Amino acid sequence: MKYQSIKGTRDVLPEEQKYWRYIEEKIGSVTSRFGYQRVEPPIFEETALFLRGVGETTDIVEKEMYTFIDKGKNSLTLRPEYTAGIMRLYLENGLHSLSKPVKLYSIGPVFRYERPQAGRYRQHTQFNVEALGEQEPSVDLEVMSVAWLLYAELGFSGLSFQLNSTGCPNCRPAYVEELKNFYRRHSEAICDDCKRRLERNPLRLLDCKVKSCQQISADAPVIHERLCEECADHFATLRLYLDTLGRPYRINHRLVRGLDYYTKTVFEVWVQGIGSQNAMCGGGRYDGLIEQLGGQATPGIGFGSGIERMILGMREQNIEPPKLPDPFIFVAHMGKAADLRAVELVTWFREAGLSALMAFGQRSFKSQMREANRLAVTYAVIVGEDEITANHATVKNLANGEQQAIPFDQVVAVLKQACERQRC
Ligand code: HAM
């Protein structure tokens, strides 16, 4: 093979289609029940939007962006996450004039130059949700519930929330100082990455994956015990909602997430048994982001969830999506006049809403019927010289072998009725 797919990317093959259809249908159904509307920003944006929106000291901006200079000498970046682009879309299109909260969702590709492994790719497809303009903790619950209901309806078991509050500009700075002082006392023992993070992005020390750093961070000061009154009330109310609904959650003081915009609530949904990438989704509140991007102060909360990761999880939990329906009709034909009639028939069937396939070229009836059986169609519509002369098609029900002659001008109506009866 001369060409190969790029490392960290993957091809979606027909075998996977039933998963994509099923997940996309469920996303459509769940989001409409919560009143979310779909928006799609372009795949690339000005690089500056992500520097400002995601944060210059994040791993995403420092190491993972696909940035390029276009022929007009503009620095552009393939989106490494959705939120910054959605904020730009919200501001640029005046969506702030809609009634609040403005509830938006998107589904599309996201690009990060990461170390590829199972469930972690350089291009993945994200289902992203944002609710803008409302600061009540009931909105946090609602956004978290979108993720929860989606996974529950897809059939996942062993779901639970990981939850934390990262405070706000009132309470976080004092906490960060305390955190820095704590880690300075351990500066000899932390990894080189953490030594760098200590000055540039100290919260990220808490979610370092290196074992020795994890042991140290177990004793680090806990942010949700140092929240200001407003953040503490917000966090307590959210927990009360989760308790009332009986949603399992674990407060994880090391959950700080990899993007700079978060304030107050951060959360992930974890699913048992999907290996090291057990976070099915991640998100949180970002009450300062829109202002930081030049808009009026507007609270917001959202999450992102990788579709490939959902498929991986479904496979690991043996969740079988419904089979895609088999085609309903196969038109077999023999001879020049029959070939023309077959082209007409499949066209009429499809225009009437029926799924219909035909044989291409001239092949024996035997080989065409073998193909009809292989495709598991319900009806074969056979057109040969005799049928052309008699002006009818021979329609064979492949499930019971019954065969009848139906005039060409009635065959669409007859099979349409059969399809309705059999809910094809
Ligand atoms: P994130 O945690 O970076 O958050 O990504 C969200 C989700 O996208 C992850 O939980 C995972 O399911 C999927 N994901 C991320 N990176 C990869 C990858 N390399 N390969 C496969 N799947 C991946 C965000 O992106 C935030 N913008 C979410 C958000 C929206 N926060 C507020 N609103």
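1. A word on classes comes before the counts: Ala, Val, Leu, Ile, Met, Phe, Trp, Tyr, Cys and Pro count as nonpolar, Asp, Glu, Lys and Arg as charged, and the others, Gly among them, as polar. On that scheme, the shell around the ligand consists of nine nonpolar, twelve polar and seven charged residues. Please keep in mind throughout that this is a predicted model.

2. The ligand has 28 residues around it, of which Glu81, Glu114, Tyr121, Arg257 and Tyr262 come nearest. As for secondary structure, strand E6 (123-132), strand E10 (279-285) and strand E11 (300-306) each contribute at least two residues to this shell, and the largest share, six residues, is that of E10.

3. For Arg257, the distance from a polar side-chain atom to an oxygen atom of the ligand is 2.8 Å; for Gln126, an N or O atom of the side chain is 3.2 Å from a ligand oxygen atom; and for His124, a polar side-chain atom lies 3.3 Å from a nitrogen atom of the ligand. Of the 650 Å² of accessible area that the ligand has on its own, the protein covers 96%.

4. Most residues other than glycine have a negative phi, and most peptide bonds are trans. Arg257 sits in the loop between strand E8 (249-251) and strand E9 (263-271).

5. Pro101 belongs to the loop that lies between helix H4 (83-92) and strand E5 (102-111).

6. Turning to helix packing, the axes of helix H1 (residues 17-34) and helix H5 (residues 137-154) come within 10 Å and cross at roughly 140°, in a right-handed crossing. On the H1 side the contact is made by Tyr22, Ile23, Lys26, Ile27, Val30, Arg33 and Phe34, and on the H5 side by Glu142, Ser145, Val146, Leu149, Leu150, Glu153 and Leu154. By class, these are nine nonpolar, one polar and four charged residues.

7. Helix H12 (residues 336-351) and helix H15 (residues 408-422) likewise have axes that come within 10 Å, here crossing at roughly 35°, and H12 passes H15 in a right-handed sense. Arg341, Leu345, Trp348 and Phe349 of H12 meet Phe408, Val411, Val412 and Leu415 of H15, a contact with seven nonpolar, no polar and one charged residues.

Key:
Residues are numbered from 1 along each chain as its sequence is written. This is a predicted model: local features need pLDDT of at least 70, side-chain atom pairs count only at pLDDT 80 or more; totals for chains, interfaces and linings use all residues. Side-chain values use heavy atoms; hydrogens and water are left out. Axes are lines fitted to C-alpha atoms, for helices over the stretch in contact, and angles run from 0 to 180 degrees between N-to-C directions. Helices (H or I, at least four residues) and strands (E, at least two) are DSSP runs, numbered from the N terminus. A crossing is left-handed if the near helix is turned anticlockwise from the far one by less than a right angle, and right-handed if clockwise. Contact means heavy atoms within 4.5 Å. A residue is near a molecule or strand if one of its heavy atoms lies within 4 Å of it. A polar contact is a pair of N or O atoms within 3.5 Å; within protein, one must be able to donate a hydrogen and the other to accept it, and residues adjacent in sequence count only if both atoms are side-chain atoms. Accessible areas come from the Shrake-Rupley method with a 1.4 Å probe; for residues, only the protein chains shown count as cover.
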